[in-house]
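Open the model in your viewer and keep the selection tool at hand. The stops below are meant to be taken in order.

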Amino acid sequence: MKRIIIRLIIFILLCFLLDRAIGTIGAYFYSHARSGYTRHNYYIGHLMQEEIIILGSSRAARHYNPTIISDSTGSSCYNCGIDGMGIIHDFGKLQMIKARYMPKMIVMDITASFTLEQNDNSKYITYLKLDYTQQPIKQIISDLFPTERWKMFCQSYKFNSQWLKMVNDNIASTPPIPINGYDPMYGVLPYNIVAPYIPEKKIIIDSVKLKYLQQTIETFHTLTQLVFIISPQYKAPNSENYSILKRLCAEYDIPLLDFYAAPISQEKELWADVSHMNKNGAEKYSAIIAGKLKQIISDSEKHSRIHQ
């Protein structure tokens, strides 16, 4: 019996040491990635110092060219868009950024399905888990999924499903994510849609997402210039599903640029698929947005001088 207990203790100790070793290797791969989403994700949370930052999903990553925005506003700009991410992920990243510095302007591209609609929220912590050592991230994950804190005792757990990507991003020398985070799409939508491509069904609002949207507004609208944007959707009929966002922006006096059903959404040659503009569309749209952001900055500076 004594021998069995000793072997069990040795086995547990070896598992503990192996887990710590795997966790250390994972942390190294995460922080030393040379390219790809691993580098992009680490840069946003730990290194970024740009004056204007843009957050959102793939629609943010594909629709905003930071170079065009920088040239127009005279401020450095980085596109933080990550495929499939929304307000829960973005609030976590903003809390990490806030601990290091405060951008001059935070632009949030809002997609209803990732920021307002009720669905599986576990996917939004995929990249946040990599930074679980950061206190704001611990709080968010524990708030959403209380049992995750116990899983996080296993150092290798947070890197689950990320290993292949991290290893590749440490080896690859040419970054799949271009400079400044902008990741344009190419080609033209291969078919035409006469009517709106999808009837705008009324979404069910997720109270958890809404809570994080409100926390984002309450935390940052007094610290910097916060701007919300609803970027174009191909042949979208209206933006009624964003009514709660419109109400919050009006309540807190935050600029909201609604381009969801703008004329650019009707120009087929500017779209790679029904959700994403191609490079030509994105750059035409970025030039429009750059002018809007420049005006917002100018108005904000005038307002500040008046109240000095």
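This is a predicted model. Start by selecting Met-48. Leaving aside residues up to four places away in sequence, Met-48 touches Tyr-43, Ile-53, Tyr-78, Cys-80, Ile-97, Arg-100 and Tyr-101.

Now widen the view to the largest nonpolar core, which has 56 residues. Met-48 is among those with the most contacts inside this core, along with Ile-53, Leu-213 and Phe-228. Helix H5, residues 87-100, gives the most to the core, with 6 residues. A second core of 26 residues is separate, and Ile-52, Met-105, Trp-271 and Ile-289 are included in it.

Next, select helix H2 (residues 36-46) together with H5. Their axes are 7 Å apart, and the two helices pack at an angle of about 50°, which makes H2 oblique to H5. To see the contact, show Asn-41, Tyr-43, Ile-44, Gly-45 and His-46 on the H2 side. On the H5 side, show His-89, Lys-93, Met-96, Ile-97 and Arg-100.

The last stop is helix H4, residues 66-73. Which residues of H4 are buried? They are Pro-66, Ile-69, Ser-70 and Thr-73. Look down the axis of H4: its buried residues fall within an arc of 100°, so they line one face of the helix. An α-helix has 3.6 residues a turn, so residues three or four places apart point the same way.

Just after H4, select Gly-74, which takes a positive phi of about 80°.

Definitions and conventions:
Residues numbered from 1 in each chain as written. Predicted model: local features only at pLDDT ≥ 70, side-chain atom pairs only at ≥ 80, totals over all residues. Heavy atoms only, no water. Buried < 20%, exposed > 50% of the residue type's maximum accessible area, 1.4 Å probe, protein only. Helix = DSSP H or I, 4+ residues; strand = E, 2+ residues; numbered from the N terminus. Arc of directions from axis to C-beta. Core = buried A, V, L, I, M, F, W, Y, C linked by side-chain atoms within 4.5 Å. Contact = heavy atoms within 4.5 Å. Axes fitted to C-alpha atoms, helices over the stretch in contact; angles between N-to-C directions. Parallel < 35°, antiparallel > 145°, perpendicular 65-115°, else oblique.
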